[in-house]
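Hi everyone, thanks for coming.

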Amino acid sequence: MNRATASWWRSARELDLEVAFRAAVAAAVPLAILVAVGRIDWAAYAAFGGMTAIFGRSEPYRTRLRTVTTAAVVQLAATGLGILLSVGGAGPLVQAAVLALVVAAVIVAYNMLGVTPSTPLFAVFGLLVCAALPVDDGTGWQRWGVAVAATVFAWLLAMSGWLLRRLAGRRAQRVFRPLPRTTPVRGRGHTDPRLWLNVAQNVLAALIAGAIALALGTGHPYWAVVSAVAVIPPARAAHTVSRAVHRVLGTVAGVAVAALLLWPEPSVWLLVAAVAICQFGAEVLVTRHYGTALVFITPMALTVAHLASPAPLIGLLGDRVLETVIGAAVGVVAVLSARRFVEAVPMPPPTTATPSVAPRGPDRP
């Protein structure tokens, strides 16, 4: 390998192409199978299972086994609960109660078990979208089975690097990116008041954002909830409002890209390919610049929504922008409120039982 090639490869490894490729395959293959069998309307269930592949970034495989398995269980539980809410025709109050319980349980579990990213974003998204999709044909178990199959496939992809590194032998260090991230188990993490402050932030922001979106009669109120949760940093991380600005600006640019993609009404196979490309781009960029990553994340989310439940394009795009602004605004209020609270009631310093955390990992729709 000459010097120029070696330099290019080092730069490519820094972009985390391995996890980007895993995530793209985890998104595209289940969708392609659903297209082939004529059930692309079940795309959302496959998408939420496939999100399992984005966990465990840069973690050694013994650690990744714990974190990815936890994420898989959470994603399946969230989609399953969403399907049950849909089948049972649950009203807004019941959905709000389940949402609050899921948010609290995921934050506590992820923080205690060292799952990164520790945000409840993906579980919230899966819960609310699956609850919003009508299930009136007795296919609830089959839909959840799609999520199970996609989750298992994503889990295998997330762990596949272990086998590839074994097969590469001595060349593994040159070919593959190092896996330096440590994610400790916090056995007494539940005693940390900063964790419960984070739970309160997320629960209140999610419920308020959802209530505002419902009151305004928007078509996809769950996007407001997801945006609010996405803006709030995890427990023990710095509180900043810049993420909200990135989210709004990145979403607006992403909506423009989605319009260019969806307006010509391309074939479903082209849309599946676009989802894979957007997933790849999002994973490459999300740890480098969140706003730019959203230029890929937004059209990916809108394309999956369009595949699962086709709707007038103007309404779909408008809802995404409006509800993102609503959610981001509520999230900013939650961030600023928590900052004021900590100034008035200082939190105890991190300990070995409740260590501080690194900057946030990747987020999604």
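Predicted model: local features only at pLDDT ≥ 70, side-chain atom pairs only at ≥ 80, totals over all residues.

**Spaces and helices**

Residues are numbered from 1 along each chain as its sequence is written, and side-chain values use heavy atoms, with hydrogens and water left out.

What is a cavity? On a 1 Å grid over the protein atoms alone, a cavity is a set of points where a 1.4 Å probe fits but cannot get out, while a pocket is an open set with protein on both sides within 12 Å along at least five of seven lines; lining residues have an atom within 4 Å of a point. Grid points are joined across faces, edges and corners, and a volume is the space filled by probe spheres set on the points.

Back to our second largest cavity, which holds about 30 Å³ of space. Among its 10 lining residues, T119, P120, N198, N202 and P234 lie nearest the centre.

The largest cavity has about 60 Å³ of space. Its lining has 2 nonpolar, 1 polar and 6 charged residues, and R22, R57 and R64 are among them.

Now the largest pocket, with a volume of about 890 Å³. Of its 48 lining residues, F125, L128, V129, A132 and Y222 are the closest to the centre. That lining divides into 38 nonpolar, 9 polar and 1 charged.

Next, find helix 5, residues 92-113. Helices (H or I, at least four residues) and strands (E, at least two) are DSSP runs, numbered from the N terminus. The buried residues of helix 5 include V98, V102 and V106; buried means under 20% relative accessible area, exposed over 50%, and partly exposed in between (1.4 Å probe, protein chains only). Just after helix 5, G114 takes a positive phi of about 70°.

You'll find F280 in helix 12, residues 268-285.

Terms used:
Nonpolar A, V, L, I, M, F, W, Y, C, P; charged D, E, K, R; others polar. Expected span 1.5 Å × (residues − 1).
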